[in-house]
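Student: I have a model open on my screen and would like to learn how to read it. Could you walk me through a few features?

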Amino acid sequence: MAATQDGKQKENSDQNFDYMFKLLIIGNSSVGKTSFLFRYADDSFTSAFVSTVGIDFRVKTVYRNDKSIKLQIWDTAGQERYRTITTAYYRGAMGFILMYDITNEESFAAVQDWSTQIKTYSWDNAQVILVGNKCDMEEERVVSVDSGRLLAEQLGFEFFETSAKDNINIKQTFESLVDVICDKMADSLESNPAESTGTPTAKLGDGAAPLQQSECSC
């Protein structure tokens with residue numbers, strides 16, 4: 001009996017949220033997407049991750065303006081052979097973390113292609129943050145902070161450099177993405193009070209100013 005009650009309590013807590021945001025982490029293979037997600041969701045890090053096969057996800061609840069927001073965060077495979085699978089998950093995503101590795105020029109060059117995929121497969125008002133990961137590996141850096149920031153400006157994205165290993169700007173990246181989605185929702189609700197769900201059916205407003213850009217402090 002107690003086990004049944006515990007199960008019901010867990011089910012109720014899982015459903016006890018005001019909004020649910022679907023977020024995707026995308027980018028080339030081996031840029032650190034899985035480590036990034038595990039650092040945020042579990043505050044853990046290991047260098048022993050193998051390449052993600054297909055797609056995986058974690059759930060985390062955050063709070064904004066007295067509202068609980070359930071984040072459904074999808075970790076996607078970067079390999080070309082999984083691209084058809086992963087792009088199927090773009091639809092309905094409210095936010096993207098588009099990641100490259102600051103020690104890998106190829107992953108940075110691929111950002112434009114990933115951005116095009118977002119525009120092609122996601123809904124029009126999905127929010128995107130460009131992330132240069134592995135900023136703890138400064139001695140191996142091949143992509144400058146300025147290059148990352150400039151590309152983000154050209155694409156209209158906010159920009160962070162991060163390190164899953166040293167836990168630099170991980171939480172800040174997710175918080176900024178959630179904040180800009182919430183701002184878009186608030187704008188949309190002001191223009192159309194009938195729209196009140198935290199899903200893409202509540203069309204977010206266009207033209208919000210980008211948040212202040214941040215960079216790695218290491």
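Tutor: We will look at a strand, a helix and some aromatic rings in turn. Keep in mind that this is a predicted model.

Student: Let's start with strand β4. Which way do its residues point, and are they buried or exposed?

Tutor: The general idea first: in a regular strand the side chains alternate between the two faces of the sheet. In β4, Gly-95, Ile-97, Met-99 and Asp-101 point one way, while Phe-96, Leu-98 and Tyr-100 point the other way, and all are buried. In other words, seven of the seven residues in β4 (residues 95-101) are buried.

Student: Which strands pair with β4, and how many bridges join them?

Tutor: β1 runs parallel to β4, and five bridges join the two.

Student: Now helix α6. Which of its residues are buried?

Tutor: Here is the idea to carry with you: an α-helix has 3.6 residues a turn, so residues three or four places apart point the same way. In α6 (residues 145-155), the buried residues are Val-145, Gly-148, Leu-151, Ala-152 and Leu-155. Viewed down the axis of α6, they fall within an arc of 135°, so they line one face of the helix. Asp-146 and Gln-154, on the other side of α6, are exposed.

Student: What covers the buried residues of α6?

Tutor: The cover includes β4 and β5, along with α4 (105-109), α5 (111-121) and β6 (158-161). Look just past the helix too: Gly-156 takes a positive phi of about 80°.

Student: Last, the aromatic rings. How many aromatic pairs are there?

Tutor: A pair of aromatic rings is described by the distance of the centres and the angle of the planes. The count comes to seven aromatic pairs. Among them, Phe-36 and Phe-174 form a tilted pair, 5.4 Å centre to centre with 35° between the planes. Phe-36 lies in helix α2 and Phe-174 in helix α7, so this pair ties together parts that are 138 residues apart in sequence. Both Phe-36 and Phe-174 are buried. For contrast, Tyr-100 and Phe-108 form an edge-to-face pair, at 4.8 Å and 65°.

Student: Which residues form a cluster with Phe-36?

Tutor: Ring pairs link Phe-36 with Tyr-40 and Phe-174 in a cluster. The charged end of Lys-60 sits over the ring of Tyr-40, 5.1 Å from its centre.

Key: Residues numbered from 1 in each chain as written. Predicted model: local features only at pLDDT ≥ 70, side-chain atom pairs only at ≥ 80, totals over all residues. Heavy atoms only, no water. Buried < 20%, exposed > 50% of the residue type's maximum accessible area, 1.4 Å probe, protein only. Helix = DSSP H or I, 4+ residues; strand = E, 2+ residues; numbered from the N terminus. Pairing = 2+ DSSP bridges. Arc of directions from axis to C-beta. Contact = heavy atoms within 4.5 Å. Phe/Tyr/Trp six-rings, centres within 6.5 Å; stacked < 30°, edge-to-face > 60°. Lys NZ or Arg CZ within 6 Å of the ring centre and 35° of its normal.
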